[in-house]
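Subject: Structure for you to look at

Hi,

Here is the structure I promised to pass on. Please open it alongside this message, and I will walk you through what turned up.

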Amino acid sequence: MNKKENITIAGAGLVGSLLAVLLGKRGYPVTVIERRADMRGQDVDSGRSINLAMSERGLFAMRQAGLLEEVHKLLIPMTGRMLHLEDGTQVLSPYGQRPDEKIYSVSRELLNSLMMSTAEDSQNVAIEFETKLESVDFDRKEITLSRDGSTEVRSYGILIGADGAGSKVRSSLAKAADIGFESDFLDHDYKELEIPPASDGTHQVHREALHIWPRGGFMVIALPNLDGSFTVTLFLARKGSPSFEQLDDAESVKTFFNENFPSAVKLMPELADDFFDNPQGLLGTVRCKKWNYEDSALLLGDASHAIVPFHGQGMNAGFEDCTLLMAMLEEYQENWSKVIPEFGRARSPDANAIAEMALENYVTMRDSVLDPKFHLKKEVGFKLELEFPDRFIPRYSMVMFHNIPYDLAYRRGATQDELLNQLVENCDDVEQVDMELARQLILEKLDEIDPVYMGSTAL
Ligand code: FAD
């Protein structure tokens, strides 16, 4: 394709904005169509969660986009999970064991705004706000847009659907081709709340942690913001007991929180108001077998692989889509006719793997973290990583601190889990583990990891 040909991106969310930065830097003229108003300098609904956890794959993308220095100013490190147990005690469970093994809380709005401004600064990118993509005619390579009550049909050279989990590009594509689209909603929803800053502007609980109040079948989590507040999220069943359905007035909300999260209630003076002001969000997984239409249209980010948020990987995976797409453009010398059909084929196993790991991590966060065996396996995993760093890396670390393809991390994780179960079977302390058996099992079952995948979350 001639670089002058027009690339249209549907959606200036996290993935669409990053892609615009990266393609603009490569010299492509890009038009981004965004249905919302420009969030910069305005109080508009910035979409879903207020803050997000960024990890190695996201940081890698920021480095590639030349944005790390600016993004660094927006990040708050989180070194581990701060578990708030029912008896009121707090226990910090570190995510990793090297000093740089941290994840970072970042504001969705500030990050999105930074990427939009950077994209526009490149002079190759124009973002059209308050313009909605209504439908796509893939054979004619035309999109229908609506704005201010009028519609326009416009042609495109290449169309990238980065329009999120409810993607219109995807629904048009599903009518034009068999893309094997599936969506599964969880029977648990979420609601965002807030822990405001203390009167002196500082954080009311430990700033550098992801706080969890795990309660078996449900949980509350909190991620820090730069202004001293925390964004709190309740994850709970939609129906049954306990459930959102039962929380229908201020009294029932207060009673539920007082019974289950008394240490959090003390920090949330506006709890009942926030509860009824904020929407109850759905959580789901989107899978597509095919992500493209011939060599002219491609789905990326949540449009092709939305996942539940429990591994903090939806945005990170979408950012990795962008960096892998750039690597593929490089490999195929900017030949989009090869890249577009190949991309989804190569990437969808990874998308499916992180979708599964994200679902599994809900149980880990709300329940397994309460089980002493979980912590023993984690400690043994860290010990094995220190002894065999090129063969054994805990699955959480493979996903969060390295760029090991998700599918490989998933498969290695399953082997490692079997091995850990065998090693801890008759132990209740890390020192009791038979390290000679561990060595034999690791050499037999786990080959060396390609060093090219090793990451560093050091900033
Ligand atoms: P979106 O961010 O949804 O952006 C899509 C954009 O397209 C939006 O701007 C939208 O307005 C626009 N659009 C939609 N339809 C149209 C249309 N028809 N025409 C024009 N524009 C349109 N991920 C992490 O990595 N870490 C986390 O900690 C994390 N926490 C999360 C917590 C919650 C509660 C949720 C729900 C998600 C979380 N995620 C997290 C996932 C993350 O939010 C998504 O993976 C990410 O936003 C996907 O980016 P995207 O650009 O593909 O889609």
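Let me start with a three-stranded open sheet, whose strands are in the order 3-7-4 and pair in the antiparallel sense. Please keep in mind throughout that this is a predicted model. Strand 3 (51-54) and strand 4 (76-78) stand at the edges with a single partner strand each, so one side of each has no neighbour in the sheet. On average, neighbouring strands of this sheet are turned by 35° against each other, direction ignored. Three bridges hold the antiparallel pairing of strand 4 with strand 7 (residues 103-107); for a landmark, look for I76, whose bridge partner in strand 7 is S105. Helix 4 (residues 108-121) packs on this sheet and touches strand 3 and strand 7, and its direction makes about 75° with that of strand 7.

A hairpin comes next. Strand 5 (residues 80-84) and strand 6 are antiparallel, paired over five bridges, with L83 opposite V91 in strand 6. Five residues lie between the two strands of this hairpin, and G88 in the turn has a positive phi of about 95°.

How many aromatic pairs does the structure hold? There are 16 of them. One is formed by Y95 and Y396, which are stacked, at 5.0 Å centre to centre and with 10° between the planes. Y95 sits in the loop between strand 6 (90-94) and strand 7, while Y396 belongs to helix 13 (residues 395-400), so this pair ties together parts that are 301 residues apart in sequence.

There is another open sheet of three strands, in the order 9-10-11, and its pairing is antiparallel. Strand 9 (132-137) and strand 11 (150-155) are the edge strands, each pairing on one side only. From one strand to the next, the twist averages 25°. Strand 9 and strand 10 (residues 142-147) run antiparallel and are joined by five bridges; within that pairing, L133 has L145 of strand 10 as its bridge partner. In the loop between strand 10 and strand 11 you will find D148, a residue with a positive phi of about 50° although it is not a glycine.

Now for the helices. Helix 10 (residues 314-331) and helix 11 (residues 336-366) pack with their axes 10 Å apart, at an angle of about 140°. That angle makes helix 10 oblique to helix 11, and the crossing is right-handed. On the helix 10 side the contact is made by A317, E320, D321, L324, L325, M328 and L329, which meet W336, V339, E342, F343, A346 and R347 in helix 11. Sorted by class, this contact of helix 10 with helix 11 has nine nonpolar residues, four charged and no polar ones.

How do helix 12 (residues 372-387) and helix 15 (residues 435-445) cross, and at roughly what angle? Their axes come within 12 Å and cross at roughly 65°, which makes helix 12 roughly perpendicular to helix 15. Here too the crossing is right-handed, as helix 12 passes helix 15. K383, L384 and E387 of helix 12 meet M435, A438 and I442 of helix 15. The residues of this contact of helix 12 with helix 15 divide into four nonpolar and two charged, with no polar ones.

The peptide bond from S241 to P242 is cis, with omega near -5°, and P242 is found in the loop between strand 17 (230-237) and helix 6 (250-260). P196 is also in a loop, the one between strand 14 (188-195) and strand 15 (210-214). Which residues does P196 contact, leaving aside its neighbours within four places in sequence? The contacts of P196 are with Q204, G228, S229, L267 and P269. From P196 to G11 it is 31 Å in space, C-alpha to C-alpha, and 185 residues in sequence.

Happy browsing, and do write back with any thoughts.

Best wishes

Key:
Residues numbered from 1 in each chain as written. Predicted model: local features only at pLDDT ≥ 70, side-chain atom pairs only at ≥ 80, totals over all residues. Heavy atoms only, no water. Axes fitted to C-alpha atoms, helices over the stretch in contact; angles between N-to-C directions. Helix = DSSP H or I, 4+ residues; strand = E, 2+ residues; numbered from the N terminus. Parallel < 35°, antiparallel > 145°, perpendicular 65-115°, else oblique. Left-handed = near helix turned anticlockwise from the far one by under 90°. Contact = heavy atoms within 4.5 Å. Nonpolar A, V, L, I, M, F, W, Y, C, P; charged D, E, K, R; others polar. Pairing = 2+ DSSP bridges. Phe/Tyr/Trp six-rings, centres within 6.5 Å; stacked < 30°, edge-to-face > 60°.
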